[in-house]
Amino acid sequence: MTIAVTGATGHLGRLAVAALLRRGVAASDVVAVVRNREKAADLTALGVQVRVADYADRGAVEAALAGVGKLLLISGSEVGSRVPQHANIIDAAKAAGVGLIAYTSIPDAPNNTLQLAQEHQVTERLLAESGIDHVLLRNGWYWENYTNDLAGTAERGVLVGSAGDGKVAGAARADYAEAAAAVLTSSEDQAGRVYELGGDERLTYPELAQAISNVTGKPVEFRNLPVAEYQGVLESVGLPAPVAAVLADADAGVATGVLDITSGDLQRLIGRPSTSLEDVLRAAL
Ligand SMILES: NC(=O)c1ccc[n+]([C@@H]2O[C@H](COP(=O)([O-])OP(=O)(O)OC[C@H]3O[C@@H](n4cnc5c(N)ncnc54)[C@H](OP(=O)(O)O)[C@@H]3O)[C@@H](O)[C@H]2O)c1
């Protein structure tokens with residue numbers, strides 16, 4: 001059974017390829033779909049099949065999926081362009097005869113109120129309409145989302161955001177990659193399953209600030225800001241306005257509990273507790 005991974009040169013994609021190999025899938029049975037062959041030199045060195053296709057190139061994606069049995073469709077990173085890209089991949093997978101698509105979605109996608117959820121909602125609908133067997137990996141937040149500018153945060157002693165006292169059940173990217181590999185290599189039929197994936201630690205932002213303080217050795221406190229003000233802070237450090245808006249909106253969503261996941265699905269799939277925030281922060285430092 002050949003297993004393909006899109007976005008294989010991305011953070012999650014590389015970890016998913018590694019997890020498949022660790023689970024005993026032969027390198028020659030893994031197809032890494034990438035848009036830049038040079039960036040995939042390390043994957044080529046592992047012996048996996050590297051095939052080049054941009055998500056926007058329907059024909060190239062179909063060619064890349066020839067002979068593939070299962071596909072890990074990692075959601076694209078170009079927010080705003082993902083619906084046509086994902087539609088291309090689903091169409092191409094159908095034409096290529098792919099048997100199962102595992103799609104990396106967002107928690108409780110149909111009811112999720114985050115702006116970021118909209119493209120996932122449409123993609124889940126496209127999958128349902130495609131008639132292809134599929135499984136939804138509704139990934140919660142990566143702890144790595146909190147590793148940007150750790151030193152700066154520690155220096156200033158302030159973590160800003162709009163999450164109020166909402167909780168995030170985060171986990172390491174490697175945990176989500178391991179879960180995806182577990183699903184793709186499972187001997188059980190995965191078609192129609194929905195996994196709500198979140199970590200063991202469900203932390204408020206004051207607790208995130210404490211964790212940053214613990215690993216950096218500097219006092220850090222959380223300062224809650226109105227969403228518009230937080231968006232302004234993100235723009236002031238160089239984020240384009242639309243990206244800042246989506247991230248501030250996600251933070252406000254944390255306050256309402258949309259990223260607080262208690263299903264236990266991640267832990268059951270990976271067979272261990274998820275990675276702690278402090279471990280991820282330490283690795284990032
Ligand atoms: N749960 C969370 O906390 C969270 C946070 C951020 C993002 N996400 C979502 O999860 C996905 C994976 O996360 P990540 O950290 O691995 O992101 P990432 O490192 O940015 O990886 C995204 C991958 O998608 C590929 N890609 C994007 N647009 C493409 C296109 N048009 N054609 C072909 N490949 C394309 C990128 O290719 P290149 O390697 O060539 O750039 C990259 O390999 C993201 O794309 C996003 O949808 C989730």
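Please keep in mind that the model is predicted. The ligand has 22 residues around it, and Thr9, Leu12, Lys39, Ser75 and Gly76 come nearest. By class, that shell holds six nonpolar, 10 polar and six charged residues.

- Gly76, one of the residues that come nearest to the ligand, places a backbone N or O atom 2.7 Å from a ligand oxygen atom.
- Tyr142 also takes part through its backbone, with a polar atom there 2.9 Å from an oxygen atom of the ligand.

**Cover and surrounding elements**

- On its own, the ligand has 890 Å² of accessible area, and the protein covers 83% of that.
- Two elements, α1 (11–22) and α4 (82–96), each give two or more residues to the shell around the ligand.

**A loop residue to look at: Gly80**

- You will find Gly80 in the loop that runs between β4 (70–73) and α4.
- Is Gly80 buried or exposed? Its relative accessible area is 63%, and because over 50% counts as exposed, Gly80 is exposed.
- In sequence, Gly80 and Pro242 are 162 residues apart, while in space their C-alpha atoms are 9.7 Å apart.

Notes:
Residues are numbered from 1 along each chain as its sequence is written. This is a predicted model: local features need pLDDT of at least 70, side-chain atom pairs count only at pLDDT 80 or more; totals for chains, interfaces and linings use all residues. Side-chain values use heavy atoms; hydrogens and water are left out. A residue is near a molecule or strand if one of its heavy atoms lies within 4 Å of it. A polar contact is a pair of N or O atoms within 3.5 Å; within protein, one must be able to donate a hydrogen and the other to accept it, and residues adjacent in sequence count only if both atoms are side-chain atoms. Accessible areas come from the Shrake-Rupley method with a 1.4 Å probe; for residues, only the protein chains shown count as cover. Helices (H or I, at least four residues) and strands (E, at least two) are DSSP runs, numbered from the N terminus. Ala, Val, Leu, Ile, Met, Phe, Trp, Tyr, Cys and Pro count as nonpolar, Asp, Glu, Lys and Arg as charged, and the others, Gly among them, as polar. Buried means under 20% relative accessible area, exposed over 50%, partly exposed in between (1.4 Å probe, protein chains only).
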